[in-house]
Amino acid sequence: MSVPITFFLGLSAILFSVGLIGVLLRRSPLTILLSLEVMLNSVNLTLIAFSREVGGTDGQVFALIVMGVAAAEVVVGLGLVVAMTRREMVLDTDELRTLNG
Amino acid sequence: MTELVWITLALPIVGVIVLTLLGMKLPARGAGWFASLIMLAAFGCAAVATVILATRPEEERQVVQVAWTWLSAGNFSVGLDLWFDELTAVMLLIITGVGFLIHVYSIGYMEDDPQSRRFMAYLNLFVFSMLLLVLSANLVLLLAGWGLVGLSSYLLIGFWHNKPKAIKAAKKAFIMNAIGDVGIAIGAFLLFVDLGTLSYSGIFAGAASLSETQASIACLLLLVGAVAKSAQLPLHTWLPDAMEGPTPISALIHAATMVTAGVYLIARFNPLFHQAPKVLDLIVIIGVVGLLMAGLIALVQTDIKRIIAFSTMSQIAYMFVGVGLMSYWSGVFHLFTHAFFKALLFLGAGLVIHALHGEQDIRNMGGLRKQLPKVYFCMMIGALALSGIFPFSGGFSKDAILSSALSVDSPIGWIAYVGGLVGALLTGIYTFRLMFMVFHRRMSPYAENVIPHSVKHHGEGPSTMLWPVYILSIGAAFAGLLQIPGLTHVFSSWLEPISPYGMVEATAGQDWFTTLIGSAVGLIGIAVAYHLYARENDAPELIRNGRARLIHRALERRLYWDDLYLWTFEKPLQWASAFLNRDVDSPAFRWAPLDGLGQLTAFFGRSFTIIENGIVRMYALVFALGIGAVILYLLVRG
Amino acid sequence: MDIAVFFLAAAAAIATAVAVVAQKNPFVSALALLGNLVSLAVLMLLLEAQFVAIAQIIVYAGAVMVMFLFVIAYVGPRGEVGPGDRKPWQVWLAVLAGALIAIEVIVVTYGATFSDWAEIDGNYGSPAAIGEALVTNYLLAFEVVSVILFMGAVAGVIFGTGGRPRRLSNDEVLAKETESAEQRRREASRAVLDAARDSMGEGA
């Protein structure tokens, strides 16, 4: 293949940063979750690129497991969003600044 | 048989768990009956195990069962080991048997208390701890049981936690007992250093190899624990205060079982104490002084439960005399009969208090024998047993201790004998002062107001409270027949094997002689009490204000032991803390450099609130910047 | 050929990622993420990871994103949160952090030497190969992920069902409004008091 691996890694870094900026700047928990997905996917790309470079399946298995964990994380995150909505709370992470416990 | 012992130990803890988890889901009475049935089952197991033990030949009666090892370091290992022998069997039967009766009594006593389930759970916890204490086969497990009974005693004394006095009393009992725990712990360390083992079998086997000094120090430390738990001099001040707890607790923990743990400890470690004769003499001295002092103080107390509490202290002092004279069986025998008659007296007092709606001052009672005839009859049996009148149980056991003293025939024996007889006189006086003040004389105005109403509505008390008292009266009346001098030797021959060096046992002649004198002295005491208190006269006033009023006052203040501790420990500590606070700490922290340090910290704290603002986004930002900085550093460094 | 596909997909991926982050409406963000996932799947195909690419589309784009869209629809317009009181220095620091990490990673990768793409046979990236790896070498990880997913599902149900969805009655709305009005008035009067105290302090 004519594309060098560094291209994939560079693209992955850019996507990761874009997602990171989203997490850092957005206040809606929904958008933060979406930005997190972007970050996770960029890492998946890295894993698969390296897997291809080495020629083994390990990186791909890793990517699948990352997808599984990401799905679990989304479920919990969305559950929280739903719970907040049902309790008529404002969907703004900056408002959640006091801990109870 | 060992399975049965395990079940006995496990049942109460099952009760605790069930009562704690199900708690409010159970009806209050149901929880009470559940806890009681658990105790009945435990008593059944213990009884069957004892019978099986009795059928074995004497050499095989000592059973040590190792369940598993939980601490192991080098050649040191401690496990969950049970030790079941004749002494344990006696203790087991007392704890579960009296425990069962008091559980049943508690159902009636705590009927109106919304938290009776918690009470039942605590009671079961106590029984478990006490069983662990007597069943353990090594010092670590003993210490665990020792601490747990202290904990349950603390919880139960402070059961009415909205009563400040009860909380204070609970704390006092806990702290006093902690002193004893420390004593036993250090004693255990010492024994481990000397012998390299903490198991009973190892200690008993190695005891003979110890020098007298080594053994004496170890025994002294164990004695500290025994004295604290059994409320003996000088760590006795917690017991009278512990009467703030519910009356069934006073009967079970502070009369029948826990406070006798010290006697059990000495009897159990008799091979060790045998190497330390001076400590044994000290035990006798503590016992004699304690029984006289407690008897004197009991003469002037006015709270019905406190009188019985001081009498408990005095009776345990008798047990100390017994075990201190190496007549271990008589000490344990007195422990056995005492469990019956003292629990009986406490439960009877509980019925009286119940009928009078919580009144505990005997000056507000009087003339109750017509209204509470059954309680009067039962308590009379208990009082006669306590005063050591032949043929009630206390007479046999107390006289067994005294005749052992007679047969020792040494100065210490004579001190014990004479002191014990004087103590018997005091016992007769204070016991029957209580009986006459409560049941004879003219009824006090308070009782006149309350009693007719309460008897009309409740009778003498609910049947759950009366039946345990009846059963205990049977025990208090006849338990002594196990050991009639010259006729039956059930107790002494049963306990013979626990001491490898044999025990002191008086001849039948000495026994009968002591019984004669003891009963006579007791009857003299009763006569004195009758003369002073049974009839309407001004004798109590005369005693209070007469020539001996200073002594009377001193006795009322319990011979100033509490004040002694107040002025030697509590007050100096308070003064020192106040001084350190006022003259050292406060000026020091107002000193400019130190104060500046504080200001600096506060300044930094305030500065960081810009980023430490609780917004997760900001923390993530700092986190990301940190990652960037770390990679940058690695890049630049090459 | 490959390079053209790469640049097309990369451009699409970056554009959609920026859209995810920048869009105010979460619905549009979610759709953009869908596009991002598809373009990443193309890149994965380029890397011969057929199975992962298909799983990415079916599981991720198909299932996870649908759940996302459901929640976004459930939440409705409340999900839109504007820039609000975000301070400019926060924006700059966030962009700085992102850019720093991206540039650093690119610098590192360009400075490093990689071996060439490995020689592979037709079996590479096939479901058979991945499946074998999952149930042999990575069995434990596989099982652990299943447990985590299960716990996540339970947690999601618990979170989602807790708390009663409650529409306020008219009275309650009224009470709430009076209360907040009361509070505003109290705050205003406190502000006046504070101002008065300050001026008095200055006077003294």
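Guide: For chain C the mean pLDDT is 83, and 90% of its residues reach 70 or more. For the complex, the predictor gives an ipTM of 0.89 and a pTM of 0.67.

Visitor: Which elements of chain C have the lowest and the highest mean pLDDT?

Guide: Helix H7 of chain C, residues 170-203, has the lowest mean pLDDT among the elements of that chain, at 74, while helix H1 of chain C, residues 2-22, has the highest, at 92. Where pLDDT is low, the predicted coordinates should not be read in detail.

Visitor: What makes up chain A and chain B in terms of helices and strands?

Guide: Chain A comes to three helices and zero strands, and from the N terminus on its elements run α-α-α. Chain B comes to 27 helices and two strands. Of the 101 residues of chain A, 59% count as buried, and in chain B buried residues make up 52% of 638.

Visitor: How many of the contacts in each chain join residues at least 24 apart?

Guide: Taking contacts between residues at least 6 apart in sequence, 44% of those in chain A join residues at least 24 apart, and in chain B the share is 81%.

Visitor: Why are H10(B) and H15(B) called roughly antiparallel?

Guide: Two packed helices are described by the angle between their axes and the distance between the axes. Here the axes of helix H10, residues 247-256, and helix H15, residues 328-355, both of chain B, come within 9 Å and cross at roughly 160 degrees. Angles over 145 degrees count as roughly antiparallel, and therefore H10(B) and H15(B) are described in that way. The crossing in which H10(B) passes H15(B) is right-handed.

Visitor: Which residues make that contact?

Guide: From H10(B) the contact is made by B:Thr247, B:Pro248, B:Ser250, B:Ala251, B:Ala255 and B:Ala256. From H15(B) the residues include B:Ala339, B:Lys342, B:Phe346 and B:Ile353. Sorted by class, the contact of H10(B) with H15(B) has 10 nonpolar, three polar and one charged residues.

Visitor: How do you know that B:Gly108 is buried?

Guide: B:Gly108 has 23 C-beta neighbours inside 10 Å, and a residue is buried if 20 or more other C-beta atoms lie within that distance, so B:Gly108 counts as buried. B:Gly108 has its place in helix H3 of chain B, residues 86-109. Leaving aside neighbours within four places in sequence, B:Gly108 is in contact with B:Gly461, B:Pro462, B:Thr464 and B:Met465. The C-alpha atoms of B:Gly108 and B:Met465 are separated by 5.6 Å, although these residues are 357 residues apart along the chain.

Visitor: What is the phi of B:Met326, and what makes it worth a remark?

Guide: Most residues other than glycine have a negative phi, and most peptide bonds are trans. Phi of B:Met326 is near 65 degrees, a positive value in a residue other than glycine. B:Met326 is found in the loop between helix H14 (304-324) and H15 of chain B, and B:Met326 is buried, with 22 other C-beta atoms within 10 Å. In chain C, C:Glu48 has a positive phi of about 65 degrees although it is not a glycine, and C:Glu48 lies in the loop between H2 and H3 of chain C. With 20 C-beta neighbours inside 10 Å, C:Glu48 counts as buried, because the cut-off is 20 or more.

Visitor: Where is a peptide bond called cis, and what is its omega?

Guide: The peptide bond from B:Leu233 to B:Pro234 is cis, with omega near -5 degrees. B:Pro234 is placed in the loop between helix H8 (212-229) and helix H9 (238-241) of chain B.

Visitor: How many residues does each chain give where chain C touches chain A, and where chain B touches chain C?

Guide: The contact of chain C with chain A takes 77 residues from chain C and 62 residues from chain A. H4(C) gives the most to the side of chain C that touches chain A, with 12 residues. That side of chain C divides into 58 nonpolar, 13 polar and six charged residues. The contact of chain B with chain C takes eight residues from chain B and nine residues from chain C, and the side of chain B that touches chain C divides into seven nonpolar, one polar and no charged.

Definitions and conventions
Residues numbered from 1 in each chain as written. Chains lettered and ligands numbered in written order. Predicted model: local features only at pLDDT ≥ 70, side-chain atom pairs only at ≥ 80, totals over all residues. Axes fitted to C-alpha atoms, helices over the stretch in contact; angles between N-to-C directions. Helix = DSSP H or I, 4+ residues; strand = E, 2+ residues; numbered from the N terminus. Parallel < 35°, antiparallel > 145°, perpendicular 65-115°, else oblique. Left-handed = near helix turned anticlockwise from the far one by under 90°. Contact = placed C-beta atoms within 7 Å. Nonpolar A, V, L, I, M, F, W, Y, C, P; charged D, E, K, R; others polar. pLDDT = per-residue confidence, 0-100. Buried ≥ 20, exposed ≤ 12 C-beta atoms within 10 Å, placed from the backbone.
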